[in-house]
Amino acid sequence: MMKEKTNIRDLFSSAAEKNTYLKMCAPMVRYSKLEFRSLVRTYGTDLAFTSMIMADSFCKSEKARLNEFTTNEDDTPLIAQFAANNTIDFLSASEMVYPYVDGVDLNCGCPQRWAMAEGYGSALLKTPELIADMLGTVRRNMPSSFSVSVKVRLLSSTDHKRTIDMCRQLEATGITFLTVHGRTAPEMTKVPVHREALQEIKQSIGIPMVANGDIFTLDDAEQMYAQTRCDGVMTARGILSNPALFAGHKSTPVECVKRWLNICKQADTDITYQCMHHHFSFMTESLFTKRLRYELNNLSKEKHKVYEFIQTHLPLDDVVDDESGKLYPEKISCTYSEGNYCQRTAENDTTKEESYADIGSLYDPEASEGNFFQSKRVELDETTPVSKKDAVSVVDGVDFMDGGSLLFDE
Ligand SMILES: Cc1cc2nc3c(=O)[nH]c(=O)nc-3n(C[C@H](O)[C@H](O)[C@H](O)COP(=O)(O)O)c2cc1C
């Protein structure tokens, strides 16, 4: 079954005609899953991304596909984001997901050490010709109405020409749009986003540019648009802590928590304990005292305990909201055609086939809490010395290369 398609180029054009920009929910490992996308779509999000999906696992393993990608009829417009370090994986994964999404995006921003070591994410920024080859190949092989895009970071915080040259090179591959996170890979989140760089990039390219970084309110998004004239504004941390951000709410309304509860109850076993719980934790930051936040973060791992906690501490019954009772369509049961991938890998490397079966068994989405959640936990833990709270490097005992690493949940 093929989902009805939205033309992303037209979406950008109609926003531009109305002198406005697209409001976009960022790709977020662990978090920008179907259920969360359903929630933020009820609050003005125009375009959503999946979490970053490892293209090679997606191609090789049915189990990985089931874990990493789910969708339903209402889950549109939607871009699937892949991490890939070669053209075969990116092209094959794109072909496989094609029936269920409106576009594919290549991740060139992930700053984590493991990703860099394997040539994924921001490691690709060192070889723009490889990025261009991957994008160009997918562009040539997919229908022109299907969106192909890339998400990059700045190459330098001062020499914007370098980033502009790269963006022009990527534009020449025929991509539909590009997203720029306005920081370099080693820059920590406390370094303010280089908006002037985003503005210069926008002026230097013809395709739509999405601006990303430090958007925590609708006002921030409006200012980003006013300053850079970007075509879309994308938020990650802001929309995690306030999924109603694009509807103009300054902080999470209780009604939004009620909607999340409704979605989680309907999703039932389709949503993991961790995903359900972490979102409650992030979105209630502004609603709970420090003590309650600490309690919520440390509940025993039973879904009903979380639901009870939320219902006890928030006046959900007082909220009148039609959406909180909304019925969401069932997940689409996706089927994938592996033929092209098998043929391509057989032609290039026969040893790859041996690992098809193994890859799936490596998947355990709840194996760790993830760095982003752990960083929040450390913040609240009164037994952790202040100096250690500042040093994110102690989280999980992992020695981070930089603050940017926190953004990509290990
Ligand atoms: C928990 C978390 C997970 C993320 N996962 C991804 C991802 O899968 N792909 C990606 O391109 N960026 C990912 N990012 C980076 C964001 O998309 C975004 O570029 C970055 O957080 C800056 O935006 P912000 O200031 O709105 O948070 C992630 C960020 C966070 C906080």
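Start with the barrel: eight strands close up in the order E1-E2-E3-E4-E5-E6-E7-E8, and they pair in parallel fashion. Going from one strand to the next, the twist averages 25°. Keep in mind as you look around that this is a predicted model.

To see the pairing up close, pick out strand E5, residues 147-154, and strand E6, residues 177-184. These two run in the parallel sense and share 6 bridges. Look for Val-152 here, and you'll find Val-180 of E6 standing opposite.

Now for what sits against the sheet. Helix H1, residues 8-17, packs on it and touches quite a list of strands: E1 (22-25), E2 (47-54), E4 (103-108), E5, E6 and E8 (232-235). The direction of H1 makes about 130° with that of E1.

Helices pack on each other too. In general, a pair of packed helices is described by the angle between their axes and the distance between those axes. Take H7 (residues 128-141) and H8 (residues 160-171): they pack at an angle of about 25°, and their axes are 9 Å apart. Since angles under 35 degrees count as roughly parallel, that makes H7 roughly parallel to H8. Their crossing is right-handed. On the H7 side, the contact is made by Pro-128, Ile-131, Ala-132 and Leu-135, while H8 brings Met-166, Gln-169 and Leu-170. Sorted by class, that contact of H7 with H8 has 6 nonpolar residues, 1 polar one and no charged ones.

Next, the ligand. Which residues are closest to the ligand? They are Ala-26, Pro-27, Met-52, Ala-236 and Arg-237, out of 24 residues that surround it. Two elements give two or more residues to this shell, namely strand E2 and helix H11 (237-241).

As a rule, most peptide bonds are trans, and most residues other than glycine have a negative phi. Go to the loop between helix H4 (62-68) and strand E3 (78-83), where Pro-77 is found. A cis peptide bond joins Thr-76 to Pro-77, with omega at about -5°. The other stop is Arg-30, in the loop between E1 and helix H2 (34-41). Phi of Arg-30 is near 75°, a positive value in a residue that isn't glycine.

How values were computed: Residues are numbered from 1 along each chain as its sequence is written. This is a predicted model: local features need pLDDT of at least 70, side-chain atom pairs count only at pLDDT 80 or more; totals for chains, interfaces and linings use all residues. Axes are lines fitted to C-alpha atoms, for helices over the stretch in contact, and angles run from 0 to 180 degrees between N-to-C directions. Helices (H or I, at least four residues) and strands (E, at least two) are DSSP runs, numbered from the N terminus. Angles under 35 degrees count as roughly parallel, over 145 as roughly antiparallel, 65 to 115 as roughly perpendicular and the rest as oblique. A crossing is left-handed if the near helix is turned anticlockwise from the far one by less than a right angle, and right-handed if clockwise. Two residues are in contact if their C-beta atoms, placed from the backbone, lie within 7 Å. Ala, Val, Leu, Ile, Met, Phe, Trp, Tyr, Cys and Pro count as nonpolar, Asp, Glu, Lys and Arg as charged, and the others, Gly among them, as polar. Two strands pair if DSSP finds at least two bridges between them. A residue is near a molecule or strand if its C-beta atom, placed from the backbone, lies within 6 Å of it.
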